[in-house]
Amino acid sequence: MTLDIMRAILVLLKQRLPQLEVTFFPEQPERFHLNHPLGAVLLSFARSRFGDIQDVGMVFQPRVLHFTLTLVMRQLNGNDGAIAVLDTLRQAIGGFMPPDCRRALWLIDEVFLGQSEGLWQYALTVATETWFVQDWPQDALPRPREGMTKTENNEVVYGEVSLQR
C-alpha cells in the first residue's frame with residue numbers, strides 16, 4: 001500500500017514537473033550524483049503515525065503517512081531555480097488524493113537543507129491518511145454488531161467506512 005501511494009505521487013510529479021528528474025530517494029544518498037541539467041525531486045517515506053483503535057472487534061485504526069520530497073537544484077533563484085520550483089512542487093502535490101487514502105495530501109513543512117557543491121536542497125514534507133486493518137480470514141471476522149454490516153462481496157462496512165481485504 002505505501003509503495004502504491006509513492007508510485008502515484010511519482011506519476012503525478014512527473015506529469016506536473018516534466019522539466020525535472022523525479023524518482024525515489026536513492027538508497028545510498030552519499031553516492032547520489034545529479035546528472036539532470038536542472039534538478040531533481042526525490043521521494044522518500046518518512047514515517048507513519050497511528051491513531052486510536054476503533055472499536056469494531058478487530059484492530060482498525062487511522063494511519064497518517066508522511067512523505068518527504070527533497071528538491072535538489074543547480075540554481076537558487078530565477079525561473080529554473082529552487083525557489084520557483086518549490087512553489088510549483090507545493091502547488092502540484094497539495095490536495096492530491098493518492099489511491100487507498102481517505103484524505104488528500106496536505107503540507108506539513110518545508111525546510112532549506114543547505115547548499116553543497118553548487119546544489120541547493122530543500123525538503124517538503126506532506127502527509128495523507130489511510131486505515132490500518134489487521135489481516136483476518138473472512139470467516140474469522142466478528143459477527144456484525146450495531147453499525148457493522150457485511151456486503152455481498154464480503155466487505156465489512158462500519159458506518160461509512162469500508163474494510164476491504
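These legends walk through several close-up views of a predicted model. Residues are numbered from 1 along each chain as its sequence is written, and side-chain values use heavy atoms, with hydrogens and water left out. Because the model is predicted, local features need pLDDT of at least 70 and side-chain atom pairs count only at pLDDT 80 or more, while totals for chains, interfaces and linings use all residues.

**View 1. Confidence across the protein.** The pLDDT (the predictor's confidence in each residue, from 0 to 100) averages 84 over the protein, and 79% of the residues score at least 70. Helices (H or I, at least four residues) and strands (E, at least two) are DSSP runs, numbered from the N terminus.

**View 2. Helix α2 and its buried side.** Here you can find Ala-82, Val-85, Leu-86, Leu-89, Ala-92 and Ile-93, which are buried (under 20% relative accessible area; exposed is over 50%, partly exposed in between; 1.4 Å probe, protein chains only). They cover an arc of only 125 degrees around the axis, which puts them on the same side of α2; the arc is that of the directions from the helix axis to the C-beta atoms. The end C-alpha atoms of α2 lie 16 Å apart, in agreement with the 16 Å its twelve residues should span at 1.5 Å a residue. That expected span is 1.5 Å times one less than the number of residues. After α2 comes Gly-95, with a positive phi near 90 degrees.

**View 3. Helix α1 and the largest nonpolar core.** A nonpolar core is a set of buried Ala, Val, Leu, Ile, Met, Phe, Trp, Tyr and Cys residues joined through side-chain atoms within 4.5 Å. The largest one has 30 residues, and Ile-9, Leu-13, Val-41, Leu-69 and Ile-93 have the most contacts inside it. At least two core residues come from each of α1, β2 (39-50), β3 (60-73), α2 and β5 (119-133). Helix α1 gives the largest share, seven residues. Zoom in on Leu-13: beyond four places in sequence, its contacts (heavy atoms within 4.5 Å) include Val-41, Leu-69, Leu-89 and Ile-93.

**View 4. Val-111 on strand β4.** Val-111 sits in strand β4 (residues 103-116) and is partly exposed, with a relative accessible area of 41%. Not counting residues up to four places away in sequence, Val-111 touches Gln-121, Tyr-122 and Ala-123. Its C-alpha atom is 8.7 Å from that of Thr-125, 14 residues apart along the chain.
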